[in-house]
Amino acid sequence: MEIRPNITRSLFFLSIFYGGMVCIAGVLGNKQVSLGPISQIGTWVGVGPLAVEAGIFAFLLLVAVSSAVAELNGPDTARRLVLWGFIPLITSVLLSLLVLALPASPSMEPDRLHAFELMMSGTPRIWLGGIIAYGISQILNVTIFSALKSGGGKMLWLRAAVASMLSQIADTLIFISVAFYGVFPIRELLVGQMLTKVVLSLVLVPPLIYFFVGLGRFLDRRRSL
């Protein structure tokens, strides 16, 4: 008799989605985006108009998904999801390095090749900073989110906002310090990125978690896979 693991539909779906966001975040991070009227918050604290790498939107989805998994399946499962996320993350980095090392086709347009190499290449410190920041910030998010629940916190939106905000501050401190410390002054970059990510965490993460938790509960009304 075949024994099949008891994987809920929500965990199956959210795990696949999580892996995709881990891979695409680094690619999206090559574009800096303005935050419209929110950008002016930066001028109030002397760091100029706020901007953020577009990869933050994928990372905020990672935060929301890992928190939703913790809500639906418990913190241990969410931590395992984060650890398994290292596999697509590191694989995508290695695959990018392999493709960059392979010779381009002579028929490839030089401008297209230059744009590809510019977008996909990164220094070892940037790769390392991204990997370390991902692991620590995501584990921290799950830990804080679950601790607030076990401490009696019932307000999902508040737990989501606090955990996301603190984990994104840690993510920024780790990534920018590892990737750029000693290369150029990083104070304004740190302040601007942390402020931006805190604002986005407060605005975007709570509704995203409600969405993913609601979707997960809808999927789990059916039998397990």
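Is F212 buried or exposed, and at what relative accessibility? Select F212: at 4% relative accessibility, F212 counts as buried (buried means under 20% relative accessible area, exposed over 50%, partly exposed in between, with a 1.4 Å probe and protein chains only).

Some notes before going on. This is a predicted model, in which local features need pLDDT of at least 70 and side-chain atom pairs count only at pLDDT 80 or more, while totals for chains, interfaces and linings use all residues. Residues are numbered from 1 along each chain as its sequence is written, and side-chain values use heavy atoms, leaving out hydrogens and water.

**Stop 1: helix 1**

Select residues 9-28, which make up helix 1. Helices here are DSSP runs of H or I with at least four residues, and strands are runs of E with at least two, numbered from the N terminus. Helix 1 has 20 residues and spans 28 Å from its first C-alpha to its last, close to the expected 28 Å (the expected span is 1.5 Å times one less than the number of residues). Now colour its buried residues: S10, L11, L14, Y18, G19, M21, V22 and A25.

**Stop 2: the aromatic rings**

Stay in helix 1 and select F13 and F17, which are four residues apart and so separated by about one helical turn. An α-helix has 3.6 residues a turn, so residues three or four places apart point the same way. F13 is partly exposed at 35% relative accessibility, and F17 is partly exposed at 25%.

Rings of Phe, Tyr and Trp (its six-membered ring) pair if their centres lie within 6.5 Å; planes under 30 degrees apart count as stacked, over 60 as edge-to-face and the rest as tilted. By this rule there are four aromatic pairs. One of them is F13 with F17: the ring centres are 6.3 Å apart and the planes are at 20 degrees, so the pair is stacked.

F17 and F212 form a tilted pair, with 5.5 Å between centres and 50 degrees between planes. F17 lies in helix 1 and F212 in helix 9, so this pair ties together parts 195 residues apart in sequence.

**Stop 3: the nonpolar core**

A nonpolar core is a set of buried Ala, Val, Leu, Ile, Met, Phe, Trp, Tyr and Cys residues joined through side-chain atoms within 4.5 Å. The largest one has 38 residues, and those with the most contacts inside it are Y18, V65, V69, Y134, F145, I209 and F212. Helix 1, helix 3 (55-73), helix 4 (75-84), helix 7 (124-150), helix 8 (156-180) and helix 9 (187-220) each supply at least two of its residues. Helix 3 gives the largest share, 11 residues.

Select V65. Not counting residues up to four places away in sequence, V65 touches L14, F17, Y18, L81 and F212 (contact means heavy atoms within 4.5 Å). Then look for a second, separate core of five residues, among them I176, F180, L190 and M194.

**Stop 4: F145 and R159**

Select F145, found in helix 7. F145 is buried, with a relative accessible area of 1%. Beyond four places in sequence, its contacts include S67, A70, E71 and I209. What lies over the face of F145? R159 does, at 4.7 Å from the ring centre (a charge sits over a ring if NZ of Lys or CZ of Arg is within 6 Å of the ring centre and within 35 degrees of the ring normal).

**Stop 5: K197**

Finish at K197, in helix 9. K197 is buried, with a relative accessible area of 4%. Leaving aside neighbours within four places in sequence, K197 is in contact with E53, I56, Q168, D171 and T172.
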